[in-house]
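Here is a short report on one chain and how its parts pack. Please look over the sequence and the model first.

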Amino acid sequence: MEQILVTSYPKLAAKARLKFDKVRGKHLLLLPEKVVVMNETAASILILCDGSLAVHNIVGKIRDSLQAGTESIEAEPLPDLKTMEGDILEFLHEMVDQGWVVIHSHDSIEAN
């Protein structure tokens, strides 16, 4: 298994495409052999996996988005940054294992 670091750059695999289905009101991950209905959190992460953001940037954007959504309502406090980072890294590992996301290191992006 490839190690994913907070400085790694995740990107949807070439065979995968994320699309919002208006009928279901959900994001779908379209793959050659299947369609996966994504929950809101998973879709929020995958939308940011375009190869231009490192994992730590994705964590920051997700955290900012969640904080913005809870300012006007009384909500439970967000998990700390390290917990969110661990959860997102675990999710990305699952996506990589499925072959739905590929990981680039910063060095490989600079070389291109």
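## Sheet, helices and core

Strand 2 and strand 3 (residues 26-30) run antiparallel and are joined by five bridges. The model is predicted. Within this pair, lysine 19 has leucine 28 of strand 3 as its bridge partner.

The pair belongs to an open sheet of three strands, ordered 2-3-4, with antiparallel pairing. Strand 2 and strand 4 (35-38) are the edge strands, and each pairs on one side only. On average, neighbouring strands of this sheet are turned by 30° against each other, direction ignored.

Aspartate 21 sits in strand 2, which spans residues 17-21. Is aspartate 21 buried or exposed? Its relative accessible area is 17%, so aspartate 21 counts as buried, the cut-off being under 20%. Not counting residues up to four places away in sequence, aspartate 21 touches Lys26 and Leu28. Leu28 is also the bridge partner of lysine 19.

Next, the helices. Helix 1 lies across strand 2, strand 3 and strand 4. Its direction is at about 110° to strand 4. Helix 1 also packs against helix 3, at an angle of about 80° and with the axes 11 Å apart. Helix 1 is therefore roughly perpendicular to helix 3. The two sides of this contact are set out below.

| Helix | Residue range | Residues in the contact |
|---|---|---|
| Helix 1 | residues 40-47 | Ala42, Ile45 and Leu46 |
| Helix 3 | residues 81-98 | Ile88, Phe91, Leu92 and Met95 |

Which kinds of residue make up the contact of helix 1 with helix 3? Seven are nonpolar, none is polar and none is charged.

The largest nonpolar core has 28 residues. Those with the most contacts inside it are Leu29, Met38, Ile45, Leu46, Phe91 and Leu92. Strand 4, helix 1, helix 2 (55-70), helix 3 and strand 5 (101-104) each give two or more residues to this core. Which element gives the largest share? Helix 3 does, with seven residues.

Leucine 92 ties several of these points together. Leucine 92 belongs to the helix 3 side of the contact with helix 1. It is also among the core residues with the most contacts. Leaving aside neighbours within four places in sequence, leucine 92 is in contact with Ile4, Pro10, Ile45, Cys49 and Val55. One of these, Ile45, is likewise among the core residues with the most contacts, and Ile45 lies in helix 1.

Note on methods. Residues numbered from 1 in each chain as written. Predicted model: local features only at pLDDT ≥ 70, side-chain atom pairs only at ≥ 80, totals over all residues. Heavy atoms only, no water. Axes fitted to C-alpha atoms, helices over the stretch in contact; angles between N-to-C directions. Helix = DSSP H or I, 4+ residues; strand = E, 2+ residues; numbered from the N terminus. Parallel < 35°, antiparallel > 145°, perpendicular 65-115°, else oblique. Contact = heavy atoms within 4.5 Å. Nonpolar A, V, L, I, M, F, W, Y, C, P; charged D, E, K, R; others polar. Buried < 20%, exposed > 50% of the residue type's maximum accessible area, 1.4 Å probe, protein only. Pairing = 2+ DSSP bridges. Core = buried A, V, L, I, M, F, W, Y, C linked by side-chain atoms within 4.5 Å.
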